[in-house]
Every structure is written in C-alpha cells, then in structure tokens.
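Subject: Structure handover

Hello,

Here is the structure you are taking over. Please open it first, then read the notes below.

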Amino acid sequence: MEALRFASTKIQPPRQRVARVERPQLDGAVARALRAHRVVLLQAPAGFGKTSALAAQLALAQQQGPGLATAWVSLDSDDDAERVFACLVAALEPHDLPWRTAPEALVSLAGSGEASGLQRAAAELLNALADCEAARGAIVLDDLHRVEQPAVFTLLDLLVERLPARWTLVLASRTAPPLALARLRAAGELAEFNQDDLRFSRDETAALLAAEALPQAAERTAELFERTAGWPAGLRLALAALRTRGGMAVAGHALIDRHLFDYLAAEVLAEMPEPLHDFLLRTAVLPELTAPRAAAVSGDRRAAEWLDEIERRGLFVTALDAQERTLVLHDLFRDALLLRLQQHLPGELPALLRRAAAGETDALRRVGYLLRAQDWPAAEAALGDAADALFLEGGAGEVLRLVEQVPPAQRSARSQRLAAAAACLRWQWVDMARWCEQAIDSAGRSGDTAELHLAQATLASALYPLDRNGEAEALIAALHAQEPALAPTARALTLLADCSQHFRRGEHRQLPALYGALLDILERGESLVRWWECAPPVNWSTIAGMQPLLARYVAGVLPRLGDRPLPMRGELRLVHAFGHLWAGRMPEALAEIEATEADMQWLAVSGELQVNVELFRMIVDGMLGRGPALQARLQARIARQAQAASSTPASLVLWRHHMAVYGIRLTDSVGADPAGLQAWAMLLKEDPLRNPAANSPRATAVRARFAAAEGRWADASALFAQLLPKLPEMDVMGQRTDLTLRAGHALMRQGRLDEAAAVVAPVLDRLIGEGVRGQALLCGPVVLQALADAPWATRLSAAQHAELAAAAQLSQALRGGPVPSSTSTPASATAATAAIAATAADGPDHGLSAREREVLERMAAGDSNKLIARALDISPHTVKRHVANILGKLDLASRSQVAAWLHAHG
C-alpha cells in the first residue's frame, strides 16, 4: 500500500539474534510444521520465546533461498478487523499479489461493520494468495492474545477455512485463540507448540550459559535450570542479575515466575546507572525505541548511547529488521518498567505520553497516546486534524472507535459530529442522527456557536433518509435565519439539506440556484471531503438547469481527486454517464458506465452507487427496447433486497414500490404493454389501476400510461391534461419530458394538433436549448416516430420539427431499426447504430490499452510492481489496477500465466 494508516513497525519482523543458541529439536519441528500444516499455533505464557522461535525460523528460511514468502504482523490491543486487514495487505505488498480489487478498498470493506463486507474482503485476499507466484508462504500474526475485537477472529476464521494449500497461517499467543480450530486439529492440519515445547532443555540451558562470559553462570547451570524450569525469560533475567550483582539476585530456592520476574527486574534496574535507569523508565511509554524518538520523549541527548548499552547488557529487547535501528521492549520488561515509572517518577506519565504524541507521525497512534494521557481536548483535536484523510481512505470505523474511547462526559461537539460523519459514510442514518443530537447538546452547553451550526446542518441531512422531514425543514429555516453568522462549511451543508427538501417537495425550479450557491462555497477552498459530502444525487440530473452545475461539480472535484483510489471516482463517472445518456450520446454513455462498473469492482463500491448503476442499466434497457433484460434486472433487484440482512417486511414493500415506479415507466418505454403495466401497478402502494381513490400525480400518470397502451386516446388525453400542471414537480430522471411528449402524442392521435403542438413545443425547446435529446428516448420509437410524422405544418418551428425527427431516428437506430440515409440523419444516430450493433469480439490487442500492453510485457519479463511503477513513472496503485485489468481481460490468474500468454500470442 502506498500510505499506511498504522505504524510501519507493526509489519517489520524481529531481527534474529546474532548469538542465538541453536535449538535443533524446536527449530526442526517448527520448520516441518511450516511446510506441512495450514495453521501453526505457538501458545505459551509470556517470556517463552514464541516470537524469537518464529523469527529464527523465518530468517533461516530466507537464508536457504527465496522459496518462502513471508508476512509478519504484530498485533495490538486496539487493533480491529480493518487495521489487521490493512497490516496483512501491507505485509504482503513485496509479493505482488494479483489483486482483482484495490486492496485499499478491501481494507475499508473489512472495517465496514457489515458481515458481507468482511466476507468479501477475506475472499478477495484468499483469491489473491491462491494466484500468487510464491512456491510457499507463511503469514505470522504475533501477540494474538492482545486482540479484543471479535471481528478480528471472524476474519481469521474466514482465512483459515479457505487458506490456499501453499500458505500457512502462524499464530503466536499467550492464550488459546477463540478460533474454529477443532476441525483442523482432527484433520491433522494444525500444528501446536505449547510451553513444554518452547522451554529450554537442560542441555540448551547449559549452551546458553556457556555462551555468556560469566564464570558464575556456567558454575550454576543446574541450579538456574531448576530455578527457571527452562523458562527463557527467567534464564535471561537470571543472567542479567548475575551481571549486575554477582549472583545475589538469584539466591534462594524459589522458582522464578512472573511475580519473581517483576521483583528481579526491579533488582536489575536498581543496579543500573541512574541516567540509564531513568531513560528506560521514561521511554517505556514507546512501543518501539529509536534514538530520535527516545531522545525526544526522555529529554536525554545520549539516547543512541543508551540503546547501545541496553543491547550490550542483554536486556529484554528485540531488534526489528528496519532501516533505522529500532528496539522493542519485551512485554514483561516493559510492564515492569511502567510500574516502576509510577513508583519512582510519579506524575511524569501524562507529560511523557504527550511528548510521544508530539513526535508521532502515525495519526492513530498520536491520538492513542493522548487518550492514554487522558488529555481529552488534545486527543479530539488530533483526531479532528486526521479525520478528513481517514474518511477519504475508508477509515470511518477507526474515527468512530477513537471517539468512543473518550468518556461520554468529556466528548466535545466536534468529536460527536465526526462520529456522525463516520456513521453517514457507513449508511447508519439512525446513529448519524443520534451523534448529531449529542453534538448539538454539547455545543449548546459549551456555547460553541460554530459547532452548533455544523451539527444542526449535518442533522438536517441525516433526517432526510429517516423521513423526519418536518424536523429537517425547521432546522434549515433556523439556520437560514442565522445566515450572516454561518461559517462557509455550515452554510454549504445547510444548502445541501435545503436542496434535498426542495427536491422532495417537487420544487425543482429553486434547486439550481441553491446548488449553484453551494458550489460557490466549495470552489472557494472547501476540502475534498466536503466536496464528497455535497455530491449531487443522480436523480437531479434531468432537472432543468442542473446539467451545467453537474459539469461544474465534476470539474471542481477532478483536480482535487488526482489518481487516488477513492470511491467517489465511480460517482463522478456515473455523473458523466448520465450526462451522456440524457444528451443522447449512447456510445459515450455506455463506455462511461462500463468504466464506472470497472471502478466499482476495483474500489469495492456498493450501496447507493451500485443501485444507481443498476438504474442506469434499466433505463438503457428501456430506451433500447430490451424488455426481457429490463424485467430480469427489476426482479433481480427486488430479490436481492429481499435477501439483504437489513430487509424487513415493511422495507421490502417500500422497495417493491420503488422498483414498480421504474417498472411502469420503463416497461412503457419498451412498448405498449397493458398487462406489463398492470403487473407493476399492483406493486405500488396505492395500486391506482384497482384503487379509484388513489389520486396522486403518480397514480394519474399510471392511469394515463395504461389508457394510452390500450389505445383509449380520449381517456389518456383527459388524464394527461390533469397531469400536465403537476409535471414540474415530477422532473426526475426524464419523467417530465417523457410524459409531456406522451400527452402530446395522445392529443395528436385524436387529431387535436393545435393542443398537441402547444404541449410538445416547450419540451422540444428544452431539448434543443439544454442539449438533452436523450430524455425523449424514454418515449420509444413508436411514439417519437408518430410525433415526427404528424402534419404539424406551422404549428411547430422548423427547429422543433427537426428535433422530433432526430429523436425518432436516434430511437430507431438504438433498437437496430433502419436509419434514413438523408443528409439530415444525425451523426449520433449512425454512431449509436455502429456502437450498439458491434460485436464484442476482441481486436488484435485483446482489449488491452497501450499502457496495459506495456505493463503486461514487463510482468512477463519478471518485473515487480515496484519496478514497473518506476520504469513507467506511474504509482504502484496504478500498476495494480493495470495488472487487475490485464488478468481480467485475458482471463488469466497469475503472472506466470501472463508470461505464457505473451509467449503464445506475441
């Protein structure tokens, strides 16, 4: 991954000790387990050398050749599924896994809080591992006992269940992990090592003591072995004590256990020079020690010297395999140091933690230090500074987790509003509203007017999907009353909520002015997150005056977006796709929607974008006359909703109603079908064809369509006449244009050409003036051709008549019908005919772009992703995307298959 949301030391394996005592029995058993078992579990109390044994084995494997691919992750108590998945992705980065979905997007899925998201993330990782070129691989998860989040173990169970045969999952834990290991144990796929396997034998103890230049140690081999029972940590502590006090600390006959360890550690520390003693105590707040970080926290400029001394004395540290010398204190020793810190330097801990936070580059760790220091304002300020980047990178769950670590009574309005934003990004509207209400209360009590306005504006948007629109309107009115005092961000969010309410009420004429004012604010320097929050819904795309604003929004976002793999990229493509569609540029629209779908797959986007892409495809099916495909999509969407975990009987009724609205409109686009219209009308909440009391504009529209489909033109005209005054409120997804032209068609069928012309002329002017001919395609070629062939004479202008003819020709062309050869045939019609009728046969490049061909050739040559990125001057993420495209287009699974393909095809 190009940017880490965690400390890089979490994925750096320990460096093997230079003078490690050979342990052939243990090393051989672990080596065999790594080659033969799906899961290897090292379970023993603290200090039994689990990490050391694994580090030694992996180092030995690397020395024997590049055959073993390894990934190391050290776990912490605050790790959740999202962070663990991010660590796995980053640790596996050197092995160039052939991802089919952006790993950054999978990290967000793993942290989505949804079981389906975690399952997909795990499945994608497993598939990538299966197609990796490594002959053998091992993934080590160290300190698994620290994990507290159940979702992490759910993730691990998913990985264990389907782990490819060439990979082994290695777990090191002090306690038995809550994983489904019984089946693996019964099948012989689990290798287990406990404290009896890990403790030093008498001979290994003798070898360890003999390796030390301490005569008194060698003389007391039998005693020390009995005293420690082969406990590695006890032996090392005894050696440290012998170095400092000549044996006094290990006198007596008590077995060295965890409690005696603390006592002896205190004895060892007491014999140290005071500067080294205090340096160790103060730097124990750091998970890892480097000279600059240790100097900054301790205030001791001799930090580098003290790190040398710590290693020389053989104290309880592990050196990481990092570019900068990095030492990690053993948990047992660190705990003893922190206890002694409280006893000998009381009151220093909060200041030390604040210093650690000040020098920490990892935002999440920085907030964590401040939370441990109970410096709630500073922690919330640090989280606020990092929140935008976390939101963009899919870290909404991490923001929420950190806010929840602040005691409720200490939470500020700002942090509560950030939690609301995190809930919004996870589609948790009830939680979003709850956090907003808490933020409003906190801001009111503290007198923070700026935060109060922001929380109120955010709540106004949260209430819209909850159908609490009366409350939302009251909030919006109150905020507008404060207009001079509103900060730009609060005003932008207020305008967004106001746009939603105007749209809901059908007051579409005011929408362009409101959204234009919102864009004015965004363009004056609002963050990319704010642009994302204020993205226009696609169902605003056919409202008069909105197309230029949508183009303006896209132009404002793109420079800020760059090439980052963000979900909003797919949303921008969808805006483009609808723009082309309503303009009647079908080839461009289809190309853009295919790119949107590719982005959805690569960025693992679901939710609203997926629904809108499906809607786009349904509208295209209607325009192209693909009746069976349209009906299949509609029914599949209903079926998926019925299977959704969040689905309830009430929500399913509402969803069927929503699908029926489009089922009626698009069935009518395909062609006159009374039975089909009737079937969908039955799923509407009011069922207007069987319920005479239903008199809403939607009910009237259904009756008018049904009458026209049956050829009852007088009834249809009367119903359309009732509907025409209401159509400005129904200007959603081309419905106003569609129904207006159908009203004119019904009148024309009765020979009422003057009235028909008066109806259709304004909509034709709009098609011409706004360039939205595609909206007319919803009428279908029969209606459009009939209108185009009518004897309008001077009732329509030449431009209006030409627009009708062009729309009819385009509609015929899209359905594969004949296109007149006259010079008036629009170029878009001939282009559309070629694009829609063309087969999907691959050309000589098999669908690969020029850049993908370059990447393919370098893959086949054996270049890593990093080398390809450097050679082609593109980002590593872009390389991964090209690799995924190449594998998908050529139906290949791995880099070796790419090489074979290129050899065969040249």
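**Around His145**

Leaving out neighbours within four places in sequence, His145 is in contact (heavy atoms within 4.5 Å) with Ser173, Arg174, Thr175 and Asp331. His145 sits in the loop between strand 3 and helix 6. Helices (H or I, at least four residues) and strands (E, at least two) are DSSP runs, numbered from the N terminus. His145 has a relative accessible area of 21%, so it is partly exposed. The scale is this: buried means under 20% relative accessible area, exposed over 50%, partly exposed in between, with a 1.4 Å probe and protein chains only.

Asp143 is in the loop between strand 3 (136-142) and helix 6 (150-162). Asp143 counts as buried, because its relative accessibility is 14%. Asp143 touches Leu75 and Ala172, not counting residues up to four places away in sequence.

**What you are looking at**

This is a predicted model, in which local features need pLDDT of at least 70 and side-chain atom pairs count only at pLDDT 80 or more, while totals for chains, interfaces and linings use all residues. Residues are numbered from 1 along each chain as its sequence is written, and side-chain values use heavy atoms, with hydrogens and water left out.

The pLDDT is the predictor's confidence in each residue, from 0 to 100. The protein averages 88, and 92% of the residues score at least 70. Two stretches need care. Residues 246-253 stay under 50, and the model has 19 contacts for them beyond four places in sequence. Residues 819-843 are also below 50, with 28 contacts in the model beyond near neighbours in sequence. Where pLDDT is low, the predicted coordinates should not be read in detail.

Five strands form an open sheet, in the order 2-3-4-1-5, with parallel pairing. Two strands pair if DSSP finds at least two bridges between them. On average, neighbouring strands are turned by 15 degrees against each other, direction ignored.

Now the pairs. Strand 1 is joined to strand 4 (residues 167-173) by five bridges. Here Leu41 stands opposite Leu171 in strand 4. Strand 1 is joined to strand 5 (residues 190-193) by four bridges. Val40 has Ala191 in strand 5 as its bridge partner. Five bridges also join strand 3 to strand 4. There, Ala138 is partnered by Thr168 in strand 4.

Why is strand 1 (residues 39-43) described as largely enclosed by the rest of the structure? Four of its five residues are buried, so the rest of the structure largely encloses it.

Helix 1 (residues 24-36) lies across strand 1, strand 3, strand 4 and strand 5, and runs at about 160 degrees to strand 5. Axes are lines fitted to C-alpha atoms, for helices over the stretch in contact, and angles run from 0 to 180 degrees between N-to-C directions.

**A helix pair**

The axes of helix 43 (residues 850-860) and helix 46 (residues 895-905) come within 8 Å and cross at roughly 105 degrees. That makes helix 43 roughly perpendicular to helix 46. Angles under 35 degrees count as roughly parallel, over 145 as roughly antiparallel, 65 to 115 as roughly perpendicular and the rest as oblique.

Arg853, Leu856, Glu857, Met859 and Ala860 in helix 43 meet Arg895, Val898, Ala899, Trp901 and Leu902 in helix 46. The C-alpha atoms of Arg853 and His145 are 47 Å apart, and the two residues are 708 residues apart along the chain.

Best wishes
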